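Visitor: I'd like a close look at just one part of this model. Could you pick a helix and walk me through how it sits among its neighbours?

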Amino acid sequence: MNSKLQDEFTDQLFEAILLLKNKEECYKFFEDISTVNELKSLAQRLEVARMLNDGYTYEEIAETTGASTATISRVKRCLNYGADGYQLILERMKDK
């Protein structure tokens with residue numbers, strides 16, 4: 001794996017996340033490790049990615065999620081040129 005983010009602390013964080021067993025444990029862990037705004041921003045970005053992937057317009061996405069056009073553009077750039085993390089998750093979410 002070759003990521004610009006990779007270091008021992010980030011590896012430790014991801015290993016910890018992989019140990020979570022259900023949604024309740026996720027809520028407990030993320031409530032402690034992040035602020036409400038940080039977590040809400042992550043959730044918003046995932047929804048923006050889902051909506052972009054489904055063909056919604058910037059206006060529809062902004063109205064539904066409250067995301068700024070800058071955030072929508074950033075997420076779209078990641079969908080098009082990123083590490084394919086959004087695509088991986090969006091595909092798995094469809095299969096569920």
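This is a predicted model: local features need pLDDT of at least 70, side-chain atom pairs count only at pLDDT 80 or more; totals for chains, interfaces and linings use all residues.

Guide: H5 runs over residues 69-81, so to speak a stretch of 13 residues, and from first C-alpha to last it reaches 18 Å, close to the 18 Å expected at 1.5 Å a residue. Four of its residues, Thr71, Ile72, Val75 and Leu79, are buried. Why do they sit on the same side of H5? Because they cover an arc of only 100° around the axis.

Helix H3 (36-53), helix H4 (58-65) and helix H6 (85-95) are among what covers the buried residues of H5. Ile72, Val75 and Leu79 also belong to the largest nonpolar core, which has eleven residues, including Val48, Ile61, Tyr86 and Leu90. H3, H5 and H6 each supply at least two residues of this core, and H3 gives the most, with four. In soluble globular proteins, nonpolar side chains tend to be buried together.

The axes of H3 and H4 come within 10 Å and cross at roughly 150°, in a right-handed crossing. On the H3 side the contact is made by Gln44, Glu47, Val48, Met51 and Leu52, and on the H4 side by Tyr58, Glu60, Ile61, Thr64 and Thr65.

Definitions and conventions. Residues are numbered from 1 along each chain as its sequence is written. Side-chain values use heavy atoms; hydrogens and water are left out. The expected span of a helix is 1.5 Å times one less than its number of residues. Buried means under 20% relative accessible area, exposed over 50%, partly exposed in between (1.4 Å probe, protein chains only). The arc is that of the directions from the helix axis to the C-beta atoms. Contact means heavy atoms within 4.5 Å. A nonpolar core is a set of buried Ala, Val, Leu, Ile, Met, Phe, Trp, Tyr and Cys residues joined through side-chain atoms within 4.5 Å. Axes are lines fitted to C-alpha atoms, for helices over the stretch in contact, and angles run from 0 to 180 degrees between N-to-C directions. A crossing is left-handed if the near helix is turned anticlockwise from the far one by less than a right angle, and right-handed if clockwise.
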